[in-house]
Amino acid sequence: MANQLIPTHVFGLNGTQKGCLYFLDDATFLYPAGHNVVIQTVDQKQQKIIAGTPDTYGITALALSPSKKIVAIAERAPPFMLGPIISLYETVTLKKKKVLAGTEFVASTREYVSLCFSSDGRSIVAQAGGPDWNLVVWGLEKSKVVASVKSSNQLAEVYQLTETAFRQIATEIVKRESNWLWHTWLCEPGEHDEKDRDNKDPAIYVSDTGELVYVEGGEVRSSLSCSDGPPETELTIYYSKGFICGGSGGKISFYEKTEEKDVKEGFKKVCSFKVDNANSKIRGLALSPSEELLVCTLDNNQLASVLLQQKDTFKPGEVPKEVTIQAFHTDSITGLDVCIRKPIIVTCSMDRSVRVWNYQDRQCEVVKFFQEEAFSVALHPTGFYALVGFTDKLRFMNLLIDDIRICKEIGIKGCQECVFSNGGQYFAAVHVNVIQIFSTYTCENVGNLRGHSGKVRSIWWSADDTTIVSAGADGALYEWRMKDFKRNRENVMKGCIYTSVTSVTGSRSFFAVGSDRKLKELDENQVFPSAIMLTQIELPDNSRLLFAATEIGTMRTYRFPLTGEYQEVQASTAPITRVRVSHDANLLACVGEDGILSLFDVKDREKAIVSVGLRREKEALGFADEVLITKSDLDDMRQHIQELEERVKELESENEYQLRLKDMAANERVKALTEQYEQQLQGAQERHDKLLQLKNQEGIDMEQKQMKSEEKHILQMKELEEQWQKKMMAEVERYASLGREKDVLNESWEEKHANVVQGHERVVQELTEEFETKLSEENTLREQVQEDLKQANRDFEEIKHQTEEDTDREIEDLKEKYEAKLVQEKEIVLRLKGENGLLKKKFNEYQKDMEEQKGEIKALFEQKKELYQTLAYFERDINGLKKDIIERDETIGEKEKRIYELKRKTQELEKVKFVLDYKIKDLKHTIEPREFELQTAKSQIWNMEKELERAHNGNTRKQLTIAELKLKLDGFTREDPVGLKEAVKELNEKYVSNKVTMTPVDDDLLAEGARQRDYLERTVDSLQRKLSKDSDSSHKNHLRIMRENVTLIKELNELRRELKVMKLTQQKGGQRKDGEGDSLQLGAILQGELDDLKMKFDQERTKDQRIRKASH
């Protein structure tokens, strides 16, 4: 699987590492950031990134070779590696050259704390960490440890390296018992041989007390103490005139070597200033090769640069205006979001700041500090608004052109998650275990999503904003409908703390990660275990890649649909807290607890996805250029622009006047120069004529001298011939007498003859050379005169056409510049060819070493296989145990859920039982007296029945009216709450004269009011249920009473008939007196019973009315 994420830019650095800052040239420098090494230009726009080695735990040290072509990176080793590793990279091509690892000398430690190249660049010295603190030397040609020694982590020790071992050198600095923090050689790397450095080269040592000790030739020459108070110096670097110190309080001091007698220490402080007012410590210093720019890193993760042209004017204790500080976060980043319509990213941090970054311009646009810590941030799709969750409130803010201003404060404390909808009309904010939905443009709470029993950790909006997926620390995943704010689906797994959730539009699957170290695709029931915990996941729409962040600071890229295969890249040294992908899925941003923001390009997508992305890019709008600005700021800006325009007009008129004056002066000067050069040209022409005449005269003289010398030479030849002839005649005369001496005389004569010939030739040669020298001098003089004449003509032409030649001169300068660059490139190519030949020779040597190491590698591979088999066996056992634990957790969760449901049902049944018992008792007390009272209620049943019917009908009509009004009120409040609110406001303004002043309510009172409101709502619900039950029971009692009334009416009618019969018989008068007395007695009895029934009936009617009123 090819690498899908390419690191492009990193905002931040590792402020805890000391001395890890180097200049490659005047325009670029490098430093560690997260688990990467950043090579950045001075203008801070472009970066090259060297990614960390997989399966390592962060960068611990850096070193740059003297040739500045190789950078060494030390990384902390995991437990399964044999000691830490050192990776060597080329600074030009960023290719990994080799890896130094696997030595037994540092097997007991996990990291290197310091690295340094030798002066020739052929070896590297590495100081390992505790507990052994071994000092090792790696030979780069064979990638082996050359020497090793156990050193001290506090005392200063000086060693000389032999071929295979270290030899300690006794110096005065070794005898001093002090905790030394740093030392610096006061010479350029490679300036002297390594053998002489320990004995001759000077050095500066820094102690924990702030004392600076100058050592030269192994002897302590002087000591410089810091000022009173805590020690200020942490580290030093060398520069051409002395050294530079950096330390606590952001203070930097320049010391220069001096020969003044008043300065006993030999060094004099010439400059001191601060780079930061935050009292932070300087952890790294680097000076450009031209010594014009100083760059330093601080322990609060800031990067500062200072221009040193005006360093003599810097004041102690003040930050000069030449200091430039990068706006990096100084603490853990807790929130991150990416805009759709603008190329901006917003972050919030525990350093109480909110920052807006432009990922196209590679810069921080806006920084705003607040009084409280920020936990979450969300960015509106338009890029004009932002949500930030602080410890006390959730704040809705406007992103202006140069500021972030608060627009609305919402009473949500410690909001850990807030997200805008994709359309931007809503935003969701988490209040512990409740998700509150607000309208973006009115900030009104339109709904609440309740259901989680633990804190909500992640929220995901669907593309059409119709559903929300939430994940919580209670192990629950819920899908909510925005239509009615109800749950649509759910998935609960006890014991798992979910940290992030996402989904795909149009899919029924959830993707979630949590504390159980698994990537889950729910509803599809797919689980992909991970060796480390995954903290965040992102799945862009129309993409075939799923991005996951880990707790060790790496980013993973999974192929989607999920197969379990992934690609991993390094990003941070701490757990990644947030991950976001741009709307076009071409950029990925992640932040971590180390305060670093990393940007990645998403590459190598499938062809189908690429075609979809290209089509979307063509159809989509470009990034918006609009910005927000307040009216007051706009008025001030307009007024300022108007003032500047007036000033520009004044300057233009003044400049035009000055230009006219300069043109007049220039014309006069050109005229004067023209006349001057014409005179000079005329004089040069006259001198040329004179020199030409002189040359002709000297030529004639030379010819005459040559003729005289030739005549003289002929005369000398003739004289020599005459002398020779005379001598020959003398020798011939003496030939007879001196025959024996003939051979000797012949030899002597030949020698004399040869000498004479050589002398003659030498004289002729000397004369010829003399005349040729004079002739060449004359020719040179003539050529010089001609060149002077030509130069005068060229100067005159250049002055005459000065304005036109300025442009030509610039073109020529550019041409020469690029020609020089071309020549340099050719030289570099030639040099690289030579280096290539050397590398070929080294490659042959490396092949021999590789053959020697193959046997060792085979043995190591066999050991590795055995370890892997053992590890696989243990992993199978672990997986089996994990499955058992998961099954038991699921069983326990189901049983707990069943127990909870049974308990809830039991409580409800107990409540119902209590109510029924109370009603039964009440009804018994009510029924028992009625049974006795209704026997006598016979006389007025007919009237009471009519009154009951009328009352019942009236109550029925009232109940219907009340129910209808309730339905209308509920419908009105549900359909148009805003209209109801506005109507109530109008009624209040119309009928209420006393205006009510709004005062802010305390958050505790609001919380108590909300709690009491919830309690009253639950009480009202229970009373309504009780009322419905009481109404049912009263209705049944009413029916029973009606039936009893019917029987009583029947009995009453029978009694009335009997009474009527008795009255008729009494009126006839034909009965006896005894019968008449009995009938009168019976009528009195019946009349008494009728009166008793009427009284009891009245009592029953009043009780019934009281019960109905209570039911209503």
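The model is predicted: local features need pLDDT of at least 70, side-chain atom pairs count only at pLDDT 80 or more, and totals for chains, interfaces and linings use all residues. Residues are numbered from 1 along each chain as its sequence is written, and side-chain values use heavy atoms, with hydrogens and water left out.

A nonpolar core here is a set of buried Ala, Val, Leu, Ile, Met, Phe, Trp, Tyr and Cys residues joined through side-chain atoms within 4.5 Å. Buried means under 20% relative accessible area, exposed over 50%, and partly exposed in between, with a 1.4 Å probe and protein chains only. The largest such core has 27 residues, and those touching the most other members are Phe29, Tyr31, Val295, Leu303, Ile345, Leu597 and Leu599. Two or more residues each come from β1 (5-11), β3 (28-33), β25 (293-298), β28 (333-338), β53 (587-592) and β54 (597-602); strands are DSSP runs (E, at least two residues), numbered from the N terminus. Another core, of 20 residues, lies apart from it and includes Ile282, Cys296, Val306 and Val323.

The whole structure holds 24 salt bridges, each a side-chain nitrogen of Lys or Arg within 4 Å of a carboxyl oxygen of Asp or Glu. In one of them, arginine 395 meets aspartate 392, with the closest N and O atoms 3.1 Å apart. Arginine 395 is buried, at 7% relative accessible area, whereas aspartate 392 is partly exposed, at 22%. Both residues belong to a network of salt bridges with shared partners, which also takes in Glu372, Lys393 and Glu409. Elsewhere, glutamate 219 bridges to arginine 221 at 3.6 Å between the closest N and O atoms. Here glutamate 219 is partly exposed at 38%, and arginine 221 is partly exposed at 48%.

Strands count as paired if DSSP finds at least two bridges between them. β50 (residues 554-559) pairs with β51 over 5 bridges, and arginine 556 has glutamate 568 in β51 as its bridge partner.

Definitions and conventions. Helix = DSSP H or I, 4+ residues; strand = E, 2+ residues; numbered from the N terminus.
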